[in-house]
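The notes follow in the order in which I consulted the structure.

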Amino acid sequence: MTQRIDYGKASPAAVKAMLGLQAAVDHSGLEPSLMELLKLRASQINGCAYCIDMHFKDAKALGETDERLYLLNAWREAPFYSARERAALLWCETLTLIAERGAPDEVFEEVRKEFSEDELVNLTLAIVAINCWNRFSIGFRAEAGNYDPASNQKLMKAIREKVRPGAS
């Protein structure tokens, strides 16, 4: 598949807005390893090859195990995830697939056991953000397979500097 549009070049303002959203997620205080699991799981559900490649590699760079990554789509049956991770994955799947059954009270109550109100809002924002990124990548056919976590860290630092001078 070939890329349809380089959306970053076509609309720098759109990417700037998305980076602002992502910056809020990145500074939410939620565990980076948990965030990568959520990003990968939402991307699996949405079928976003670019994001699956990216977040698998980013999770590995953070020290995630192959076993947990390979079994992520079967997290309910696999014994490798904490109660907090399971709650986050449940909320991720519920919100990513919200058109199927909404956000039932029993799901919310289960997730609420593991997250404070502030964390729950930030968790929701993280799920919203990855679903937005998935739609950009799928819609414009971002090319999967060439992502490099180390190069991306340098690029993101430079972009954040342009979006928010003085940001690290």
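I count a residue as buried under 20% relative accessible area, as exposed over 50%, and as partly exposed in between. I note that the model is a predicted one.

**Entry 1: salt bridges**

I searched the whole structure and found eleven salt bridges. I looked up Arg 112 and Glu 117, which form a salt bridge with their closest N and O atoms 2.8 Å apart. Glu 117 is exposed, because its relative accessibility is 54%; Arg 112, at 34%, counts as partly exposed. I also recorded a network in which salt bridges with shared partners join Glu 31, Arg 84 and Glu 119.

I next examined Glu 93 and Arg 41, whose side chains meet in a salt bridge at 2.7 Å, N to O. Glu 93 belongs to helix H6 (residues 83-96) and Arg 41 to helix H3, so this pair ties together parts 52 residues apart in sequence. I found Glu 93 buried at 9% and Arg 41 buried at 10%.

I then turned to Arg 68, which forms a salt bridge with Glu 85, the closest N and O atoms being 2.7 Å apart. Arg 68 lies in helix H5 (residues 66-70) and Glu 85 in helix H6, so the pair links parts 17 residues apart in sequence. Arg 68 is buried at 13%, and Glu 85 is buried at 11%.

**Entry 2: H3 and H4**

I looked up the axes of H3 (residues 32-46) and H4 (residues 49-61), which come within 9 Å and cross at roughly 155 degrees. H3 is therefore roughly antiparallel to H4. I noted the crossing as left-handed. Among the residues that meet are Leu 40 in H3 and Phe 56 in H4. By class, the contact has five nonpolar, three polar and three charged residues.

Terms used:
Residues numbered from 1 in each chain as written. Predicted model: local features only at pLDDT ≥ 70, side-chain atom pairs only at ≥ 80, totals over all residues. Heavy atoms only, no water. Axes fitted to C-alpha atoms, helices over the stretch in contact; angles between N-to-C directions. Helix = DSSP H or I, 4+ residues; strand = E, 2+ residues; numbered from the N terminus. Parallel < 35°, antiparallel > 145°, perpendicular 65-115°, else oblique. Left-handed = near helix turned anticlockwise from the far one by under 90°. Contact = heavy atoms within 4.5 Å. Nonpolar A, V, L, I, M, F, W, Y, C, P; charged D, E, K, R; others polar. Salt bridge = Lys/Arg side-chain N within 4 Å of Asp/Glu carboxyl O. Buried < 20%, exposed > 50% of the residue type's maximum accessible area, 1.4 Å probe, protein only.
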